[in-house]
Amino acid sequence: MGEEIMLLSIRHTTSYTYDHPVILDPHCLRLTPRADGYKFLLERSLDIIPEPVSISASVENDGSISHWVHFKGETKVFTVESKARISLITDKNPFDFLVYPQSCLTLPMIYPPQVSRELRTFLMADNIALSVKKFAFKVLEDAKGQTMDFLVNLAQRMKREFVYEFRHAGAPFQPEDTLDSKRGSCRDWAILYMAAANAVGLAARFVSGYYFDEKPELADLHAWVEIYIPGGGWRGFDPSLGLACYGHHIALATGASAIDAAPIQGTFKGHAHSTMKLELEYQYLPVPV
């Protein structure tokens, strides 16, 4: 059987308005959809108001592309419109890989020496609250110590037992607070999932990007988690949907924390209050025969 291929166009506009003139500091824009073996970036453009005096592309540690923009003068408006056209394979099997070496089939995870040093940034086991550790090891017990069962069960349990709340702005809650309240936004769930994975020795990183389904009018920015699995590399898991990522997630950026994966990051000089507005549109395109 052939692969199911989809063409998707995305228009993502973020607008900031200020009640007094400000001077924009350099900003980092992480708005380029990340290509991988199942997603291919065909076109991309950035339109920015005010016009930057310079813009430069950078390759981040995860291979994604960011852009640094520099400005001159005062403004009361800052708008970034990102457009992209992407080809996707949407029927991918998220478990189509071999965990190797076999010792990594069970948890707690002990990574091979050749990768363990590189993953230290994504392992924060020393700072995890006791309640989160107990939660993680209860899920591990139910999974009978199996790595993949733990990752799937953790996502499904959070989806089943937690209440999703839409919260467009603000930093993620602490993982123990999300666990205690059993409610939060996708980024809150992602931070808790990362902490639980860290508790059993798994390297985890935060992902910002898009999730799309058959209802483009429901488009929004989204957050999920990638776990490093020997033999499989970085693999996505989405606790707010209760599943392993299988082709409908488009990553923009990853990081050891949410701020490291922020789509737009920067500050301004001046005494002003800002208001942010986000617009995100998807459109399915016909696939050439």
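Two strands are taken to pair if DSSP finds at least two bridges between them. Helices (H or I, at least four residues) and strands (E, at least two) are DSSP runs, numbered from the N terminus. The structure described here is a predicted model, in which local features need pLDDT of at least 70 and side-chain atom pairs count only at pLDDT 80 or more, while totals for chains, interfaces and linings use all residues. Residues are numbered from 1 along each chain as its sequence is written, and side-chain values use heavy atoms, with hydrogens and water left out.

Strands β4 and β5 form a hairpin with five residues between them, and G63 in the turn has a positive phi of about 90°.

A second open sheet comprises five strands in the order β12-β11-β10-β9-β13, again with antiparallel pairing. Its edges are β12 (243-244) and β13 (249-255), each with a single partner strand, so one side of each is left without a neighbour in the sheet. Within the sheet, eight bridges join β9 (residues 204-211) to β10 (residues 220-229), and S208 has A223 in β10 as its bridge partner. Two helices pack on this sheet. Helix α3 (residues 147-161) touches β10, β11 (233-238) and β12, and its direction makes about 30° with that of β11. Helix α5 (residues 186-199) touches β9, β10 and β11, at about 10° to the direction of β10. Contact means heavy atoms within 4.5 Å. Axes are lines fitted to C-alpha atoms, for helices over the stretch in contact, and angles run from 0 to 180 degrees between N-to-C directions.

How do these two helices meet, and at what angle do they pack? The axes of α3 and α5 are 11 Å apart, with an angle of about 145°. The crossing of α3 past α5 is right-handed; a crossing is left-handed if the near helix is turned anticlockwise from the far one by less than a right angle, and right-handed if clockwise. In this contact F150, L151, L154, A155, M158 and K159 of α3 meet W189, L192, Y193, A196 and A197 of α5. These residues divide into ten nonpolar, no polar and one charged. For this division Ala, Val, Leu, Ile, Met, Phe, Trp, Tyr, Cys and Pro count as nonpolar, Asp, Glu, Lys and Arg as charged, and the others, Gly among them, as polar.

Helix α3 also meets helix α2 (residues 130-142), where the two axes come within 9 Å and cross at roughly 120°. The helices α2 and α3 are therefore oblique to each other; angles under 35 degrees count as roughly parallel, over 145 as roughly antiparallel, 65 to 115 as roughly perpendicular and the rest as oblique. This crossing is right-handed. The contact involves F135, A136, K138, V139, L140 and D142 of α2, together with F150, N153, L154, R157 and M158 of α3. By class it has seven nonpolar, one polar and three charged residues. In the loop between α2 and α3 lies K144, which has a positive phi of about 55° although it is not a glycine.

The loop between β6 (74-89) and α1 (113-116) contains P101, and a cis peptide bond with omega of about 5° joins Y100 and P101. P108 is found in the loop between β6 and α1, and the peptide bond from L107 to P108 is cis, with omega near 5°.

Finally, side chains of opposite charge can pair when their charged atoms come close. A salt bridge is a side-chain nitrogen of Lys or Arg within 4 Å of a carboxyl oxygen of Asp or Glu, and the count by this rule comes to 14. One of them links the side chains of R11 and E281 (2.8 Å, N to O). R11 lies in strand β1 (residues 5-24) and E281 in strand β16 (residues 274-285), so the pair ties together parts that are 270 residues apart in sequence.
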